[in-house]
Amino acid sequence: NQYIKIADSLSRQLDVSSRMTYEVNYQRAVLLMKESKFKEAFELFNEVKLFYKEKKSKQEYVHLLSEIGLALIDLGNYELGMSHYFEALPLAQMGGMQRENAKLSWQIAEVHYILKQFREAKAYCIGSLKLAESNN
């Protein structure tokens, strides 16, 4: 894929410790997942997760976990995707990130709905709506 080649080239030109390197690597991982190169993609995702966790950028880390979860769920890996949501949810709650908390709750509700776990879906949906209302 030409986009992976461009991202690879760009990442080699960047300083290894720069934030931009990790943002490019995140995009590379997404592209690799779309090409079904899961092992390479997860290596990059884990590298990016570690960077944000070590930088103690809680909001960006929560957002990253949410995005990785969404990418996994789009590929049909509900269990692993949900594990990322459930890792992010308490961080969003403790960090006072109401919007991210509401978004995560909604995403969890959607997965429960897809899996026909309607009671859980309803609980997370209601929780998400309450968070959204209190945020306005």
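1. Ground rules. This is a predicted model, with local features needing pLDDT of at least 70 and side-chain atom pairs counting only at pLDDT 80 or more, while totals for chains, interfaces and linings use all residues. Residues are numbered from 1 along each chain as its sequence is written, and side-chain values use heavy atoms, leaving out hydrogens and water.

2. Helix 5 against helix 6.

3. Helix 5 brings Y78, M82, Y85, F86, A88, L89, A92 and Q93 to E100, N101, L104, S105, Q107, I108, V111, H112 and I114 of helix 6 (contact is heavy atoms within 4.5 Å). By class, that contact has eleven nonpolar residues, five polar and one charged (Ala, Val, Leu, Ile, Met, Phe, Trp, Tyr, Cys and Pro are nonpolar, Asp, Glu, Lys and Arg charged, and the others, including Gly, polar).

4. Helix 3 against helix 4. Here the axes are 9 Å apart and the angle is about 160 degrees, which makes helix 3 roughly antiparallel to helix 4. F42, F45, V48, K49, Y52 and K53 of helix 3 meet E60, Y61, L64, L65, I68 and L72 of helix 4. Nine of these contact residues are nonpolar, three are charged and no polar ones take part.

5. Helix 4 against helix 6. These axes come within 11 Å and cross at roughly 20 degrees, so helix 4 is roughly parallel to helix 6. V62, H63, S66, E67, L70 and I73 of helix 4 contact E100, K103, L104, Q107 and V111 of helix 6.

6. The largest pocket. It holds about 160 Å³ of space, and its lining consists of Y22, E23, Y26, Q27, V48, Y52, E60, H63, L64 and E67 (on a 1 Å grid over the protein atoms alone, a pocket is an open set of points where a 1.4 Å probe fits, with protein on both sides within 12 Å along at least five of seven lines; lining residues have an atom within 4 Å of a point). Helix 2 (19-34), helix 3 (38-54) and helix 4 (58-74) each give two or more residues to that lining.

Notes. Grid points are joined across faces, edges and corners, and a volume is the space filled by probe spheres set on the points. Helices (H or I, at least four residues) and strands (E, at least two) are DSSP runs, numbered from the N terminus. Axes are lines fitted to C-alpha atoms, for helices over the stretch in contact, and angles run from 0 to 180 degrees between N-to-C directions. Angles under 35 degrees count as roughly parallel, over 145 as roughly antiparallel, 65 to 115 as roughly perpendicular and the rest as oblique.
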